[in-house]
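This briefing is organised by topic and is meant to be read beside the sequence and the coordinates. Please consult both while working through the points below.

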Amino acid sequence: MLEHLWFPHDISTFGPRIDFLFELIFWIVVVVWAAVMITMVIFMVRYRTRPGRKAEYIEGNSRLEMVWTVVTAAIMVTLALMSRSTWADIKEHGPPGQVFFNVTAKQFNWEITYPGPDGKLGTKDDVTVENEMHVPVNQVVRIDLTSKDVIHSFFVPNMRLKQDAVPGRIIHVWFEATEVGTYEIPCAELCGFGHSGMLGHLTVQSEADFQKYLKDTYSGQ
Amino acid sequence: MSSTAAVAVHGAHAEHHELGFFRTYIFSTDHKMIGRQFLFLALFMMSIGGLMAMLMRWELAFPETAVPGFGWVPEPYMYEGAIPPNTYNSMFTMHATIMIFFVIMPILVGCFGNFLIPLMIGARDMAFPKLNMLSFWVGAVAGSIMLSSFFVPGGPAAAGWTSYAPLSAVPVYTGVDWGQNLWCISLIVLGISSLMGSINYITTIVNMRTKGMYFFRMPLVIWSLFITAILLLLALPVLTTALALLLFDRLGGTHFFLPDGGGEPLLWQHLFWFFGHPEVYIMILPAMGITSDVIATFSRKPIFGYRAMAYAMIGIAFLSWIVWGHHMFQSGMDPALGTSFMLTTMVIGVPSAIKTFNWLGTLYKGNIHYTAPMLNALSFVAMFVIGGLSGIWMACTPVDMYIHDTYFIVAHIHYVLFGGSLFAIFAAIEYWFPKMFGRMMNETLGKIHFSITFVAFNCTFFPMHILGMGGHMRRIYNPLQYDFLKPLQPIQIFISISAFVLGAAQFIFLANIIWSLARGKKASENPWNANTLEWTAPSPPGHGNWVGAVPVVYRGPYEYSSPEVAEDYLPQSRELPEVSAAAD
């Protein structure tokens, strides 16, 4: 349904769980909103002033107050409990990584650091490119995200993924892309006069294409 | 006892004391004049904040093209009328700063707090009239400092109204130097003004209620202002502290928010939102109070669940201190903390829902009069429902991951602050105008203004939900730089056209105010047949508010259509000898 509601096409493994929660809240909101508005409009029409009419003197109703307090609280707490595990799986833990990168944000680019021929990050042969991130499809990618200057936000709309990049902190992010293609990585947190237009590209490739890309990039160094 | 003595002194004061022009209109200690001063200051600031919004809407609809009529603005602020990115950043920063700190707060708290509290609780003035005057003038100084930042090299602040460090903490990151410093200084000064005001309100409400005005006989608008004053008293010092630390970082070489020197960028966000979330309720609680009073008056019915309404506001006030982390779900704060903030945020929805249901209950079996203030108050309810419900998506941490920092958030805050607070402000101005200025506002102009505003508002802000669902980031200068946003551009153009209509419609309101001030129908003492005490004073009330003795209160504020009397209202101060004991 969500793609009819202008959502970008989802290519992440956790995207459907987020979209499910969005839709669940959507239907709750639509039902509550419609009920409130219909009631309001009916009351507004039915109890409009007419000559000779007097309002009925009603001060309240304790039982009604109890009912709508308890029902609202129950819905809200249930929603929070239902969201908890999705959140924990995305941001607190998640599956073990298969591919590892560093991403460092700076005004106004994303620096993507690949591990280099030795396959290890933090060694001399690491290769850093700007704004071009290539990942293999159907593999868990783990990123150590940080920033050199101000706060930026790593946002991949097609994966519903967003995480601020904070200077002085390394934040772990993971995702698994399920479809080959090229997607945009805008910065979502105001980061200065070049914020608009700070844009990287995520290329999701087959394992073979990804290995070829790495080889070409490393040999280009 | 001591307050009665003070009242007597003031009363004597009122009888023989002609004040000169300056003491009456400029350096007045009369709460009503200070209220009007806050109103006019805020309306002036609103025109500037509104202009910023219009310029932003032009840029978003027609990126990097010249704004018609703005060719005169010198470089580097505009290039032959075209807005460069940094000017755009300054515009949304100043739009929000001005609207929040110099429009919504001064009108709701400064104007209506001052004007209504003494009149509605039966006091002749505030507890500290001179402090009150000082509060306004310090506020005016803060406003001048904020406006002066438009004229310093580098332009005004451009780090957003939230001014996240380190962007705001180091001049080279934004290219703005003194603009940001003045932004900090202005808000520190404004904080002092608010502090003086809030102490005054709390003292006045606690000590100066007239005989019989128990806490649970106070109108809900007074309850809301009382709770708001407590929130202001506790929240603003936190902002002041954060701003001082930011200034030290900018000017004094400290590193409170800069990681290079061992500082912590997230500290700013914690301090800012620890202030910022109560602040959100500071801007909505008085609007809720106003709405309650207006809806009860024009439904000719007691407010449904008066005590539940008061307790709900107290509940909101308490919970508002433990939800600030929901602004920081994606900030790098420990995700486990995010879960607890999600729970508290979901729970704060409950008292808001209670209030909405009680407003509906007030309409039930009422005798609803559709005056201009009533239409605005009803649309407060309808818009607040949308603003409140859209908050559920943001409270849900996984969904927030997607919609955080998108137009979905912009839609939400405008449904709450414009659809909510500003519609309540329109209602309040139209409802209390006769008491403030002794003349009625024009109903026809009021209804035309309401209709256009209501439609244009929804056409402007509802589609922003769609932009947000499409992933459209906020604070983006040119959406066409992104392939995935290009299909959304027609919506941006539609929003901008609606926004121009919305902006233009406000001139109707302004014209109505000016016309009514000069030519409006003379108002009687109680034009709406309302119950609360301000309607027992002359319109407009003179110095000391009541000509004779201060009224005594015999019942609650919402005894409309009471079976005890033939007419459909029963003022708080009317004595009904045989049943007054039973009414308690």
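**Structural briefing**

B:Pro540 is placed in the segment that follows α16 (489–519) of chain B; helices here are DSSP runs of H or I with at least four residues, strands are runs of E with at least two, and both are numbered from the N terminus. The model is a predicted one, in which local features need pLDDT of at least 70 and side-chain atom pairs count only at pLDDT 80 or more, while totals for chains, interfaces and linings use all residues. Residues are numbered from 1 along each chain as its sequence is written, and chains are lettered from A and ligands numbered from 1 in the order in which they are written.

**Cis peptide bonds**

- B:Pro540 is joined to B:Ser539 by a cis peptide bond, with omega at about -10°.
- Another cis peptide bond links B:Ala165 to B:Pro166, and its omega is about 0°.
- B:Pro166 belongs to the loop between α5 and α6 of chain B.

**Overall form of chain B**

- Chain B contains 16 helices and zero strands.
- The C-alpha trace of chain B extends over about 75 × 50 × 50 Å along its principal axes.
- Buried residues make up 61% of the 584 in chain B; a residue is buried if 20 or more other C-beta atoms lie within 10 Å of its own, exposed if 12 or fewer, and partly exposed in between, with C-beta atoms placed from the backbone.
- Among the contacts in chain B with a separation of 6 or more, 81% are between residues 24 or more positions apart; a contact requires C-beta atoms, placed from the backbone, to lie within 7 Å.

**Packing of α5(B) and α7(B)**

- Helix α5 (residues 129–148) and helix α7 (residues 178–207) of chain B pack at about 165° with axes 8 Å apart; axes are lines fitted to C-alpha atoms, for helices over the stretch in contact, and angles run from 0 to 180 degrees between N-to-C directions.
- α5(B) and α7(B) are therefore roughly antiparallel; angles over 145 degrees count as roughly antiparallel, under 35 as roughly parallel, 65 to 115 as roughly perpendicular and the rest as oblique.
- The crossing of α5(B) and α7(B) is left-handed, a term for a near helix turned anticlockwise from the far one by less than a right angle, whereas clockwise gives right-handed.
- The residues in contact include B:Leu131, B:Val138 and B:Ile145 in α5(B), and B:Trp183, B:Val189 and B:Met196 in α7(B).
- By class, the contact of α5(B) with α7(B) has 14 nonpolar, eight polar and no charged residues; Ala, Val, Leu, Ile, Met, Phe, Trp, Tyr, Cys and Pro count as nonpolar, Asp, Glu, Lys and Arg as charged, and the others, Gly among them, as polar.

**Packing of α4(B) and α14(B)**

- The axes of α4(B) and helix α14 (residues 407–437) of chain B come within 11 Å and cross at roughly 30°.
- α4(B) and α14(B) are therefore roughly parallel to each other, and their crossing is left-handed.
- The contact of α4(B) with α14(B) comprises ten nonpolar, one polar and no charged residues.

**Interface with chain A**

- In chain B, 79 residues are in contact with 74 residues of chain A.
- Elements of chain B that each supply at least two residues to the side touching chain A include α4 (85–121), α9 (265–299), α12 (372–395) and α15 (443–469).
- α11(B) provides the largest share of that side, with 16 residues.
- The side of chain B that touches chain A divides into 47 nonpolar, 25 polar and seven charged residues.

**Individual residues**

- B:Arg300, in the loop between α9 and α10 of chain B, has a positive phi of about 55° although it is not a glycine.
- B:Arg300 counts as buried, with 23 C-beta neighbours inside 10 Å.
- A:Asn131 lies in the loop between β3 (127–130) and β4 (132–136) of chain A; this non-glycine residue has a positive phi of about 70°.
- A:Asn131 is partly exposed, with 15 other C-beta atoms within 10 Å.
- B:Ile314, found in helix α10 of chain B, counts as partly exposed with 14 C-beta neighbours inside 10 Å.

Note on methods. Two residues are in contact if their C-beta atoms, placed from the backbone, lie within 7 Å.
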